[in-house]
Amino acid sequence: MPYLKEVAIAGRTVEIRKKYSARYGRKIERSPNVGPTPEKMERYNQQEAERKLRRLINANFGPGDFHMIVSYGGEYNPEPEEARKHLEAFLRKMRRLYEKWERPFRYVVAAERGIRGRRKMHFHMVVNYMETREISELWPWGRVKFFPLDNTGQYADLASYIIKRTSRTFREGTEGFKKRWNQSRNLRAPEVKNYVITAKQWRKEPKAWKGYYLEKTRFFEGVSEVTGYPMQFYSMVKLPEPMHRRI
């Protein structure tokens, strides 16, 4: 019986999803008591958002680039619409700064509004490397915190963190921030290909490609709680290049 196999290459990571599709082969029975309840759909939408952002970050950023938290200082607490204008001005200044140093400006940015007290706006950004002092000088309304990306090439935890922190703001439809995130136009899309495979090609124990290792904590084999059909997911990361000794 045929299944669908999706292979997504993003930077140093490869993600593989296998699932049943009624478009191919005979119909199979769904698991009982499985269906798209509102809670399950919310969980599914969250996972899909994390998947898309994870692949986007993995495909475009790497060691030395930054996750930045851009916030307002002191008593200053602008309304969301004003904060949106501040962000747009900040991005324009950033773009000019990168042009000055003849570097491409790549970014992903998502907004978060606090849930307690004065509910201040702040922004989560992932950007390619630039001198931190020069970036900080472009944000006069508060503070910019910098968190360098590590050398793993797998930024799933970062994508999950950003989605979880900003989901409430997205769901509330906060004025001026009705997208989960915004991104620069020069980002590369992950390479995604789909294949039709047979049941014999559905390995219960996936095998890593040559030069890659499997992520043991990122494996699922079972039934989708939304569709009720079998599915499998696993990911692998490219091994570091070997160091060559100079003679």
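Some housekeeping. This is a predicted model, with local features needing pLDDT of at least 70 and side-chain atom pairs counting only at pLDDT 80 or more, while totals for chains, interfaces and linings use all residues. Residues are numbered from 1 along each chain as its sequence is written, and side-chain values use heavy atoms, with hydrogens and water left out.

Back to Ser235. Its side chain has a polar contact with that of Glu215 as well, at 2.5 Å. Ser235 sits in strand β10, residues 230-238. Is Ser235 buried or exposed? Ser235 is buried, at 1% relative accessibility; buried means under 20% relative accessible area, exposed over 50%, and partly exposed in between, with a 1.4 Å probe and protein chains only. Apart from neighbours within four places in sequence, Ser235 is in contact (heavy atoms within 4.5 Å) with Val14, Glu15, Gln154, Tyr213, Leu214, Glu215 and Arg218.

Now the overall layout. The protein has four helices and ten strands. These are DSSP runs, helices being H or I of at least four residues and strands E of at least two, numbered from the N terminus. From that end the order is β-β-α-β-α-β-β-α-β-α-β-β-β-β. Of the 247 residues, 44% count as buried. Taking contacts between residues at least 6 apart in sequence, 75% join residues at least 24 apart.

Next, the pocket. The largest pocket holds about 820 Å³ of space. On a 1 Å grid over the protein atoms alone, a pocket is an open set of points where a 1.4 Å probe fits, with protein on both sides within 12 Å along at least five of seven lines; lining residues have an atom within 4 Å of a point. The volume is the space filled by probe spheres set on the points, which are joined across faces, edges and corners. There are 25 lining residues, and the closest to the centre are Arg17, Gln47, Glu48, Met231 and Phe233. Two or more lining residues come from each of β2 (13-19), α1 (38-60), α4, β9 (212-223) and β10. α1 gives the most, with six.

Then the interior. In soluble globular proteins, nonpolar side chains tend to be buried together. The largest nonpolar core here has 25 residues, and those with the most contacts inside it are Met68, Phe90, Met94, Phe123, Met125 and Val127. Such a core is a set of buried Ala, Val, Leu, Ile, Met, Phe, Trp, Tyr and Cys residues joined through side-chain atoms within 4.5 Å. β3 (66-72), α2, β4 and β5 (121-127) each supply at least two of its residues, and α2 gives the most, with seven. A second, separate core of 16 residues includes Ala49, Phe61, Ala110 and Ala159.

Last, Glu102. Where is Glu102 found? Glu102 lies in the loop between α2 (80-100) and β4 (107-113). Glu102 is exposed, with a relative accessible area of 74%. Its phi is positive, about 55 degrees, although Glu102 is not a glycine. Most residues other than glycine have a negative phi.

How values were computed. Polar contact = N/O pair within 3.5 Å; in protein donor to acceptor, adjacent residues only side chain to side chain.
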